[in-house]
Amino acid sequence: MVERKLQSATRLVPASERRLLNDGASLTEGARGCGAAGDRRLVERLTAGLSQAELAERVRLPRQQIVRWEGDVVEPGLSTLRRLLRRRLLRACGFDLPLSLVPYKPDPEREAQLERIQRQTPQERLAGLLERLGGLMAERRFDPYAILAALERERVTYVLIGGLAV
Amino acid sequence: VIEGSYELTRSVDLTPSMRPENLRRLEDALLSLNARRGGAKPLSLEGGDLAAEPVAAVGSDYGEIKIVPTPAGTRGYDDLRRAARREPVGQGLRVPVASPGDLVRMLSALDREDDALKIETMRRVVELDRGVELGL
């Protein structure tokens with residue numbers, strides 16, 4: 001019943017209207033960056049067809065805890081996620097939680113490299129990339145500064161992803 | 001790169017807001033870079049064509065630009081902007097960059113075997129980044 005209700009809600013209720021189902025509480029606008037966006041989506045979907053009080057009852061948590069998830073004050077913890085999994089709420093919302101121990105071999109060289117890069121400023125990191133690319137910038141075949149300057153000059157709204165961001 | 005990995009890239013990949021006014025501004029920016037698309041495709045970004053393409057690659061006098069309206073595992077610009085940060089990259093530029101956590105999310109959603117090391121590296125970047133935030 002709950003699964004049906006959730007599946008139906010996530011499929012049929014547009015995001016703009018889902019907010020109305022949440023006792024007037026805001027979902028994720030103004031998030032403070034505590035939770036990953038995936039967690040926020042989970043919370044949105046969990047609450048899509050249930051009020052905060054209903055969801056709290058189903059996962060046997062205080063309603064205040066749901067409010068804290070939605071406000072991005074805290075992330076749902078592992079034990080909570082496992083509880084959601086056991087109650088089939090997680091899969092009903094289109095998520096799964098594969099959890100397994102895998103061998104881990106530390107690579108000291110890579111670790112040292114990452115720590116060194118982490119101590120650099122973003123400016124130094126980009127300059128480092130261009131140095132590694134060799135003469136491409138000198139030949140003007142790749143000039144990210146020119147591209148980014150054009151985007152900023154035209155006041156384009158965007159987020160960098162992929163290669164340059166990573 | 002900006003967030004602390006040591007990838008090599010020769011393109012600027014971005015997710016724009018898909019509002020028509022913003023696409024017009026993006027088109028103006030691309031025209032100023034003498035941008036062109038491969039084949040017979042017009043540069044015009046309006047008319048809904050862009051949203052139908054997973055990645056629109058555009059060549060320019062200053063390098064390749066990849067426009068990705070909805071990166072894998074995300075809901076596009078409005079999703080990514082929440083955790084994005086404006087980073088100073090030099091030459092007086094401060095540009096919005098997706099958070100390391102969102103970059104891991106995108107790579108994981110692509111589910112490509114070749115990305116395993118990249119994901120592991122980015123996860124470590126996330127850990128180091130959080131450590132810096134906590135003053136560790």
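Reply: Happy to. Axes here are lines fitted to C-alpha atoms, for helices over the stretch in contact, and angles run from 0 to 180 degrees between N-to-C directions. Helices (H or I, at least four residues) and strands (E, at least two) are DSSP runs, numbered from the N terminus. This is a predicted model, where local features need pLDDT of at least 70, side-chain atom pairs count only at pLDDT 80 or more, and totals for chains, interfaces and linings use all residues. Residues are numbered from 1 along each chain as its sequence is written, chains are lettered from A and ligands numbered from 1 in the order in which they are written, and side-chain values use heavy atoms, with hydrogens and water left out.

Me: Thanks! At what angle do helix 4 and helix 5 of chain A cross?
Reply: Roughly 115 degrees, with the axes of helix 4 (residues 52–59) and helix 5 (residues 63–70) of chain A coming within 8 Å. The two helices are therefore roughly perpendicular to each other; angles of 65 to 115 degrees count that way, under 35 is roughly parallel, over 145 roughly antiparallel, and the rest oblique.

Me: Is that crossing left-handed or right-handed?
Reply: Helix 4 of chain A passes helix 5 of chain A in a right-handed crossing. Right-handed means that the near helix is turned clockwise from the far one by less than a right angle, left-handed anticlockwise.

Me: Which residues meet there?
Reply: From helix 4 of chain A, Gln52(A), Ala53(A), Leu55(A), Ala56(A) and Val59(A) meet Arg63(A), Ile66(A), Val67(A) and Glu70(A) of helix 5. Contact means heavy atoms within 4.5 Å.

Me: Now between the chains: how does helix 10 of chain A pack on helix 1 of chain B?
Reply: Helix 10 (residues 144–153) of chain A and helix 1 (residues 20–32) of chain B pack at about 140 degrees, their axes 8 Å apart. That makes helix 10 of chain A oblique to helix 1 of chain B. Ala150(A), Leu151(A) and Arg153(A) make the contact with Leu26(B), Ala29(B) and Ser32(B).

Me: Why call helix 10 of chain A largely enclosed?
Reply: Seven of its ten residues are buried, so helix 10 of chain A is largely enclosed by the rest of the structure. Buried means under 20% relative accessible area, exposed over 50%, and partly exposed in between (1.4 Å probe, protein chains only). Among the buried ones are Tyr145(A), Ile147(A) and Leu148(A).

Me: Switching topic: how many salt bridges are there over all chains?
Reply: Twelve, from a search of the whole structure. A salt bridge is a side-chain nitrogen of Lys or Arg within 4 Å of a carboxyl oxygen of Asp or Glu.

Me: Which partner does Glu111(A) have?
Reply: Arg124(B), at 2.4 Å, N to O. Glu111(A) lies in helix 8 (residues 108–119) of chain A and Arg124(B) in helix 5 (residues 116–133) of chain B, so the pair joins two chains. Glu111(A), Glu115(A), Arg124(B) and Glu127(B) are linked in a network of salt bridges. At 19% relative accessibility, Glu111(A) counts as buried.

Me: And what about Glu152(A)?
Reply: Glu152(A) forms a salt bridge with Arg86(B), the closest N and O atoms being 3.3 Å apart. Glu152(A) is in helix 10 of chain A and Arg86(B) in strand 5 (residues 85–90) of chain B, so this pair joins two chains. Glu152(A) counts as partly exposed at 24% relative accessibility, and Arg86(B) is partly exposed at 43%.
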